[in-house]
Amino acid sequence: MTILVTGSAGFIGSNFVLDWLANHDEKVIGLDKLTYAGNLQNLADLEGDERHLFVHGDIGDLATVSALLERHQPRAVLNFAAESHVDRSIHGPEDFIQTNVVGTFHLLQAVREYWAGLDSERRSAFRFLHVSTDEVYGSLEPDAAAFTEQHRYEPNSPYSASKAASDHLVRAYHHTYGLPVLTTNCSNNYGPYHFPEKLIPLVIHNALTGKPLPIYGDGQQIRDWLYVKDHCSAIRRVLDAGKVGETYNVGGWNEKANLDVVQTLCDILDQESPRSDGRSYRDQITFVKDRPGHDRRYAIDASRLERELGWKPAETFESGIAKTVRWYLDNQAWVDNITSGAYREWLDKQYK
Ligand code: NAD
Ligand code: DAU
């Protein structure tokens, strides 16, 4: 048996593949375009592992995807591939439409054709699992209940609009063609291999290199944080037991204001890797111009996944964030390798 994982060299995709092979002997075919966010070093521990095959390619390339499906006959396709950074979607939405909308459409076309050609037993066992985000639901008022699966889609950024469009296509391929799909909508992840354009790894990297820690606006925007390995375990659970055609919210009930998250990171770093001048990393916190259209609050109600599929996160925010800081301190070489010329160009564009 085999599964096909798209976006397997990115943050969550690579964590998923590593965790999958730590938990199963089932073969994984990874497909990734290796954009700036894709990094084969994330999968370096799998070198020589015959259960893993990496293929460099685009989910929007129908011929490549169809050939892969025919050749490897996976029992499931898990779609992590996406352009994922909100700020980049504000500077340049085109890539988001191409990959998240058009790419997902082509992937669905290839998968549908492959699935239709399977014998009836394999056709009914097949799953297409689409990895989506809580951002499709828009922004919550301070006292509003957390997003359930019934919450109306109200995406506010080009990124979240493109993810919402892909979710709708996935839904339509189930409703119209009967493709056995599952969709997960997860809150903010953090953990190993997180690209340092996103808040948590950016702050750790900037703190350690003596740079400002940029807080957008007043820093009181709220995100609901989940350790990446808990997201991976939720996806495995949904793939195993999720009801076809349904969506599952994934989250850890960890709402935090951005400023609190950054202060927590500073406090851990003060303990684990103190500044040479004895001062706190909090001194580096700098308030900068807000993100246009910045969603004020996300919060996920994950009770369906907990109640129906018995999933629970293993990490609290405190345990997950401590592990994450430790991982970045122990893996400076990984960070140094990706903070290359292209990364510096992005920082200049975004923060200057
Ligand atoms: P990421 O940007 O770290 O990784 C995305 C990966 O997809 C990269 O390896 C990239 O090379 C690859 N990719 C991009 N375009 C491609 C294409 N056309 N064909 C094949 N591969 C392509 O993103 P991530 O944070 O790992 O997110 C993975 C998925 O999870 C995304 O769909 C994202 O929307 C979703 N998600 C992310 C979070 C989060 O907090 N990071 C939370 C919820 C959902
Ligand atoms: O909610 C799930 C989403 O979480 C995923 O779908 C996205 O792919 C993922 O990137 C993430 O989106 P966010 O926009 O919430 O993540 P980001 O790390 O970019 O920002 C987190 C919060 O921190 C957000 O309120 C913006 C703020 N921020 C971010 C950066 C990069 C800052 O204040 N300063 C910064 O420099």
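Strands here are DSSP runs of E at least two residues long, and helices are DSSP runs of H or I at least four long, both numbered from the N terminus. With that in hand, here's a quick tour of a predicted model. The protein chain carries 13 helices and 12 strands. Its radius of gyration is 20 Å, close to the 20 Å that the globule rule gives for 352 residues, so the chain is as compact as a globular protein of that length.

**The chain as a whole**

- Along the principal axes, the C-alpha atoms fill a box of roughly 65 × 50 × 40 Å.
- Of the 352 residues, 55% count as buried.
- If you take contacts between residues at least 6 apart in sequence, 81% of them join residues at least 24 apart.
- The accessible surface comes to about 15,000 Å², and carbon and sulfur atoms account for 49% of that.
- There are 36 positive and 49 negative charges, and their mean positions sit 1 Å apart.

**Two non-glycine residues with positive phi**

- Trp253 sits in the loop between strand 10 (247-250) and strand 11 (255-257). Its phi is near 55 degrees, a positive value in a residue other than glycine.
- At 45% relative accessibility, Trp253 counts as partly exposed.
- Tyr193 isn't a glycine either, yet it has a positive phi of about 65 degrees. You'll find Tyr193 in the loop between strand 7 (188-190) and helix 7 (199-208).
- Tyr193 is buried, with a relative accessible area of 13%.

**Salt bridges**

- Side chains of opposite charge can pair when their charged atoms come close.
- The structure holds 23 salt bridges.
- One of them pairs Arg51 with Asp25, with the closest N and O atoms 3.0 Å apart. Arg51 lies in the loop between strand 2 (27-32) and strand 3 (52-56), while Asp25 lies in the loop between helix 1 (11-23) and strand 2, so the pair ties together parts that are 26 residues apart in sequence.
- Arg51 also forms a salt bridge with Asp49, where the closest N and O atoms are 2.7 Å apart.
- Asp348 forms a salt bridge with Lys352, the closest N and O atoms being 3.2 Å apart. Asp348 is partly exposed, with a relative accessible area of 40%, and Lys352 counts as exposed at 81%.
- Elsewhere, salt bridges that share partners join Glu246, Arg304, Arg307 and Glu308 into one network.

**A buried arginine with no salt bridge**

- Arg236 is found in helix 8 (residues 228-241).
- Arg236 is buried yet has no salt bridge; the nearest side chain of opposite charge is Asp19, 4.3 Å away. A salt bridge needs the nitrogen within 4 Å of a carboxyl oxygen.
- Leaving out residues up to four places away in sequence, Arg236 touches Phe16, Asp19, Trp20, Asn23 and His24.

**Around Asp270**

- Asp270 belongs to helix 9 (residues 258-272), and at 22% relative accessibility it counts as partly exposed.
- Asp270 and Arg282 are 12 residues apart in sequence, and their C-alpha atoms are 8.9 Å apart in space.

How values were computed
Residues are numbered from 1 along each chain as its sequence is written. Chains are lettered from A and ligands numbered from 1 in the order in which they are written. This is a predicted model: local features need pLDDT of at least 70, side-chain atom pairs count only at pLDDT 80 or more; totals for chains, interfaces and linings use all residues. Side-chain values use heavy atoms; hydrogens and water are left out. Buried means under 20% relative accessible area, exposed over 50%, partly exposed in between (1.4 Å probe, protein chains only). Lys and Arg count as positive and Asp and Glu as negative; His and the chain ends are not counted. Contact means heavy atoms within 4.5 Å. The radius of gyration is taken over C-alpha atoms; the globule rule is 2.2 Å times the number of residues to the power 0.38. Accessible areas come from the Shrake-Rupley method with a 1.4 Å probe; for residues, only the protein chains shown count as cover. The place of a charge is taken as NZ of Lys, CZ of Arg, CG of Asp or CD of Glu.
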